[in-house]
Amino acid sequence: MKLHDDLHNYYEKIVLENIEERGLDHKYDEDVMADLCCTALNRLPARYIRYDVDMEFYLPTDERAEMEGRVKEAVDYALAQIAKKKQFQP
């Protein structure tokens, strides 16, 4: 078994969806996107799964909405941190 092939954090998918919905993937380069994703994911709990389809099928709608809200807050926080970092760079 290869852990990185068989298991993943479901929040990764939701963070990427949020980023794409906002068009942030077209606004920032790969380095900034990596910082954005790491910062956002570090503010979220881990939710490891094997198959996305299982999570999407069994996850109650209200829990999915709560997860999406957490992701929005985490991405907002990450954007604020990146803006601060840009201000202090020479």
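Modeller: By salt bridge I mean a side-chain nitrogen of Lys or Arg within 4 Å of a carboxyl oxygen of Asp or Glu. Keep in mind that this is a predicted model: local features need pLDDT of at least 70, side-chain atom pairs count only at pLDDT 80 or more, and totals for chains, interfaces and linings use all residues. Residues are numbered from 1 along each chain as its sequence is written, and side-chain values use heavy atoms, with hydrogens and water left out.

Biologist: Fine. How many salt bridges are there in the whole structure?

Modeller: A search of the whole structure gives seven.

Biologist: What does E56 pair with?

Modeller: E56 bridges to K13, with the closest N and O atoms 2.3 Å apart. That pair links distant parts of the chain, since E56 sits in helix α5 and K13 in helix α2, 43 residues apart. Helices here are DSSP runs (H or I, at least four residues), numbered from the N terminus.

Biologist: And R64, which residue does it bridge to?

Modeller: R64 goes to E17, at 2.7 Å between the closest N and O atoms. R64 is in helix α6 and E17 in helix α2, so the bridge ties together parts 47 residues apart in sequence.

Biologist: Is R64 buried or exposed?

Modeller: Buried, with a relative accessible area of 19%. The cut-offs are under 20% for buried, over 50% for exposed and partly exposed in between, using a 1.4 Å probe and protein chains only. E17 is partly exposed at 24%.

Biologist: Which residues make up the salt-bridge network?

Modeller: K13, E17, E56, R64 and E68 are linked in it.

Biologist: New topic. Where is L59?

Modeller: L59 is in the loop between α5 (52-58) and α6 (61-87). L59 is buried, at 11% relative accessible area. Leaving aside neighbours within four places in sequence, L59 is in contact (heavy atoms within 4.5 Å) with Y10, R47, R64 and M67.

Biologist: What about N18, buried or exposed?

Modeller: N18 counts as buried, with 11% relative accessibility. N18 belongs to helix α2 (residues 10-22). Beyond its neighbours within four places in sequence, N18 is in contact with V71, K72 and V75.

Biologist: And K72, what's its salt-bridge partner?

Modeller: D76, with the closest N and O atoms 2.9 Å apart. K72 and D76 are four residues apart in helix α6, so about one helical turn separates them. K72 is partly exposed at 43%, and D76 is partly exposed at 31%.

Conventions. Helix = DSSP H or I, 4+ residues; strand = E, 2+ residues; numbered from the N terminus.
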